[in-house]
Amino acid sequence: MTQLVEAGASLRSARLRLSAALWRRPWLKLALLLAAPVLVFAVVYLGALASLFVSAFWQIDSFTAAVVHKWTLDNFRTLWHDHTYWRITGRTIGLAAAVTVTDAVLAFPLAYFMARIAPPRWRALLFVAVLLPLWSSYLVRIYAWRTILAKNGALNWVLNGIGLPDAGLAYTNTAMWIVFSYVWLPFMVLPVYAALERIPDNYLEASQDLGAKGSRTLRSVILPLAIPGIVAGSIFTFSLTLGDFITPALVGGAGSSFIGNIVEDKVGQPDIPFAAAFATVPVVVMGIYLLIARRLGAFEAV
Amino acid sequence: METRGTRIGLGVATVAVIAFLWLPLLLIMAYAFNSSTIQSWPISGFTLHWFREAWHDPEVRRSVELSLKVGLAATAIALVLGTAAAAAIYRFRFFGREAVSFLLLLPIALPGIITGMALNSFFNFGGVQLSMWTIVAGHATFCVVIVYNNVLARLRRSSPSLIEASMDLGADGWQTFRWVIWPALSTALVAGGLLAFALSFDEVIVTTFTAGAQTTLPIVNAIVFVVILATVIPVTIAQRLTGDTGVLRRGAAASKAAAAATGGGAV
């Protein structure tokens with residue numbers, strides 16, 4: 001019995017000594033906490049990005065299809081001089097921007113309703129309604145749209161039912177625009193909601209007391225405070241569209257390739273160096289975008 | 001504050017957007033009962049055939065099994081790394097703090113194909129054979145953020161004086177952790193873990209589907225039906241757990257969890 005108590009006491013004093021030691025040396029605690037995540041991320045993730053970037057400066061031997069480890073800018077030269085790649089890049093960025101704007105427009109009223117009008121019980125329900133599609137398979141949601149937009153699909157069925165002709169949207173850039181806007185919409189709703197929810201009620205009251213109409217309050221009070229949330233959401237809608245290759249392959253028509261499709265093609269050929277070179281384009285674009293987003297306060301938004 | 005007209009307008013817009021989000025899902029769920037293999041609307045007849053087929057399909061079973069394994073492993077890694085990182089970011093101000101939080105965010109901010117390709121060429125580079133564990137490594141990179149966001153949001157809402165009080169009362173580090181920090185964090189961990197798992201689980205199914213989706217589409221519809229119903233559970237639980245803290249208004253807490261769920265939390 002006494003032995004047990006002694007053992008317990010010594011264990012406790014050891015623990016006390018340990019926590020005291022950690023308390024005195026906060027850097028040690030910090031190092032212990034950060035070592036694993038930073039190591040894993042720095043080695044695996046940054047290492048991976050670095051190796052991708054490095055291989056962009058290599059080439060493949062045209063006969064053996066083996067990667068030749070010789071430094072060259074040829075891949076970038078090809079990209080620069082071939083107009084096809086410019087067109088593809090333009091299409092990718094353009095559609096990513098269009099999708100982002102569309103999602104912001106769709107998300108704002110929904111987020112506003114959730115944040116400021118809906119009673120708590122509805123709000124919880126709306127949350128699940130917005131979140132759930134996000135957790136159902138992304139590919140399947142694209143397939144759903146494929147069947148909706150198809151010639152014998154639900155959209156044309158509805159249109160024909162009310163006496164309108166077929167929409168003819170299957171395999172077009174418009175279809176891509178709809179599908180992208182659809183799949184990324186929840187990513188926009190949540191940060192916008194978070195931004196709107198944090199606006200104190202008395203800001204709106206103050207605006208009203210000072211004689212502002214609803215539209216003026218929206219423009220001068222609500223929108224500026226919502227911008228960081230919108231920008232935060234746009235990081236997702238923009239970057240997810242920028243890197244996608246499945247939607248263009250499934251619902252896009254001829255001549256609707258994205259950067260991602262070319263990259264995937266080249267990986268399959270396999271021409272990893274060229275794929276890597278083209279893949280640096282969205283990375284650079286995203287880098288610039290993130291810098292702008294940071295200036296607009298997106299990183300403090302939520 | 002809003003006028004009646006505005007409220008009604010916003011309500012109508014909300015209903016429209018929710019319908020936009022849900023109609024395709026309901027439609028694809030309806031296709032699961034389609035007796036024809038041709039995907040036209042309206043469906044030609046009702047059958048449960050595809051559910052039976054999916055249940056007995058060995059490939060489906062393998063894919064579900066792999067998804068479960070990868071999801072569990074990635075979630076476990078994410079829980080450890082995400083919690084450690086969140087604790088460090090919360091407790092300390094140090095050189096490179098911003099860089100670390102930015103680094104954790106990168107995998108979801110950068111296009112997925114880049115992450116995939118980068119990891120692929122990294123594994124090739126290091127001579128690592130592609131296997132279940134390389135998938136786990138890939139998934140863990142984006143699952144960490146979800147746990148990290150959830151835990152950080154919870155830490156920010158819990159008062160640091162609780163920890164000081166516990167120490168003043170003579171508790172050692174372990175006791176403080178066990179009786180003060182853990183009760184405050186546990187639901188955030190469960191929520192983060194559930195969401196990370198749901199994300200990873202879904203992703204593997206996507207990967208498997210991309211391989212042979214053309215031929216197995218009716219079966220896919222049946223699986224989708226089940227997966228959609230199955231994801232209701234973790235998402236609803238996660239929402240409840242993070243929403244029910246009583247620290248802030250319910251909705252506010254839930255929004256943080258939801259934002260964190262999608263990675264919006266740190267952005």
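## Confidence first

pLDDT is the predictor's own confidence in each residue, on a scale from 0 to 100. That matters here, since this is a predicted model. In chain B, residues 210–215 stay under 50 on that scale, and the model gives them four contacts beyond four places in sequence. Residues 244–267 of chain B also come out below 50, yet that stretch has 76 contacts in the model beyond near neighbours in sequence.

Zooming out, the average pLDDT for chain B is 75, with 82% of the residues scoring at least 70. Going by elements of chain B, helix α1 (residues 4–31) has the highest confidence, at a mean of 89, and helix α10 (residues 250–261) the lowest, at 40. For the complex, the predictor reports a pTM of 0.76 and an ipTM of 0.79.

## Chain A: overall build

Chain A has two strands to go with its 13 helices. Its radius of gyration is 26 Å, while the globule rule gives 19 Å for 302 residues, so chain A is more spread out than a compact globule. Along the principal axes, the C-alpha atoms of chain A fill a box of roughly 90 × 70 × 45 Å.

As for burial, 45% of the 302 residues of chain A count as buried. If you look at contacts in chain A between residues at least 6 apart in sequence, 71% of them link residues at least 24 apart.

For contacts in chain B with a separation of 6 or more, 75% come from residues 24 or more positions apart.

## Where the chains meet

## The nonpolar core

The largest nonpolar core counts 160 residues, and the members touching the most others are A:A111, A:V192 and B:A78. Helix α8 (residues 173–197) of chain A is the top contributor to this core, giving 19 residues. Domain 1 (2–55) and domain 2 (83–300) of chain A both contribute, so the core lies between them.

Apart from neighbours within four places in sequence, B:A78 contacts B:A140, B:C143, B:V144, B:I146, B:V147 and B:A196.

## A closer look at A:L106

A:L106 belongs to helix α4 (residues 83–117) of chain A. Is A:L106 buried or exposed? The cut-off for buried is 20 or more other C-beta atoms within 10 Å, and A:L106 has 20 of them, so A:L106 is buried.

Which residues does A:L106 touch, not counting those up to four places away in sequence? They are A:L185 and B:V17, one in each chain. By contrast, A:D265 is 159 residues away from A:L106 along the chain, and their C-alpha atoms are separated by 34 Å.

Definitions and conventions
Residues numbered from 1 in each chain as written. Chains lettered and ligands numbered in written order. Predicted model: local features only at pLDDT ≥ 70, side-chain atom pairs only at ≥ 80, totals over all residues. Helix = DSSP H or I, 4+ residues; strand = E, 2+ residues; numbered from the N terminus. Rg over C-alpha atoms; globule rule 2.2 N^0.38 Å. Buried ≥ 20, exposed ≤ 12 C-beta atoms within 10 Å, placed from the backbone. Contact = placed C-beta atoms within 7 Å. Core = buried A, V, L, I, M, F, W, Y, C linked by C-beta atoms within 7 Å. Domains from an automatic or database assignment.
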